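Me: Hi! Could you walk me through this protein? I'm new to reading structures.

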Amino acid sequence: MTDSPAHPLFSRVPQYEDCRYFYSLDPDFRFEYVCSATERLWKRPFFSLQGKSIWEEFPAARETEAYDRHLLAMRECATQRYTVFSASFQKWYRFTLRPQLTGSLYCFFEDIKSPGAPQSGSSSL
């Protein structure tokens with residue numbers, strides 16, 4: 001899948017130059033959208049994730065800070081920012097989770113060379 005203005009969500013998603021990867025979840029944490037860069041990183045096409053729970057597709061993530069931060073963002077309707085090391089990809093990632101008035105959660109992330117002062121341990125995402 002390519003990122004295209006033809007996708008209904010694409011036109012509503014703010015573009016961040018410093019953020020390479022993006023996915024969107026509905027209020028039940030089911031995938032609404034996955035950008036093409038994220039598809040390539042995860043080696044999972046959007047159509048195989050659409051409508052499925054992030055926690056069922058990535059069950060190991062339930063044991064990480066990513067899980068807690070996603071829940072907190074939705075529960076408090078507050079932006080969450082954190083840095084984690086992904087054991088799956090052997091890289092550090094910086095996440096920004098932005099709850100939307102529609103109930104969706106926009107999840108932006110980027111790989112980083114140096115975490116500075118990391119805020120957490122490992123993540124599966």
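This is a predicted model: local features need pLDDT of at least 70, side-chain atom pairs count only at pLDDT 80 or more; totals for chains, interfaces and linings use all residues.

Me: Great! How many residues are in the largest nonpolar core?

Reply: That core has 31 residues, and Y23, F31 and W42 have the most contacts inside it.

Me: And which strand gives the most to it?

Reply: Strand β5, which covers residues 105-112, gives the most, with five residues.

Me: Why would residues like that gather in one place?

Reply: In soluble globular proteins, nonpolar side chains tend to be buried together.

Me: OK, new topic. Is Q80 buried or exposed?

Reply: Q80 is buried, because its relative accessible area is 9% and the cut-off for buried is under 20%. You'll find Q80 in strand β3, residues 80-86.

Me: What does Q80 touch, leaving out residues up to four places away in sequence?

Reply: Q80 touches R69, L72 and A73, and also F95, T96 and L97.

Me: Is F29 buried or exposed?

Reply: F29 is buried, with a relative accessible area of 10%.

Me: And what about the phi of C77?

Reply: C77 isn't a glycine either, and its phi is positive, at about 50 degrees. C77 sits in the loop between α4 (65-76) and β3. C77 counts as exposed because its relative accessibility is 51%, and exposed means over 50%.

Definitions and conventions: Residues are numbered from 1 along each chain as its sequence is written. Side-chain values use heavy atoms; hydrogens and water are left out. A nonpolar core is a set of buried Ala, Val, Leu, Ile, Met, Phe, Trp, Tyr and Cys residues joined through side-chain atoms within 4.5 Å. Buried means under 20% relative accessible area, exposed over 50%, partly exposed in between (1.4 Å probe, protein chains only). Helices (H or I, at least four residues) and strands (E, at least two) are DSSP runs, numbered from the N terminus. Contact means heavy atoms within 4.5 Å.
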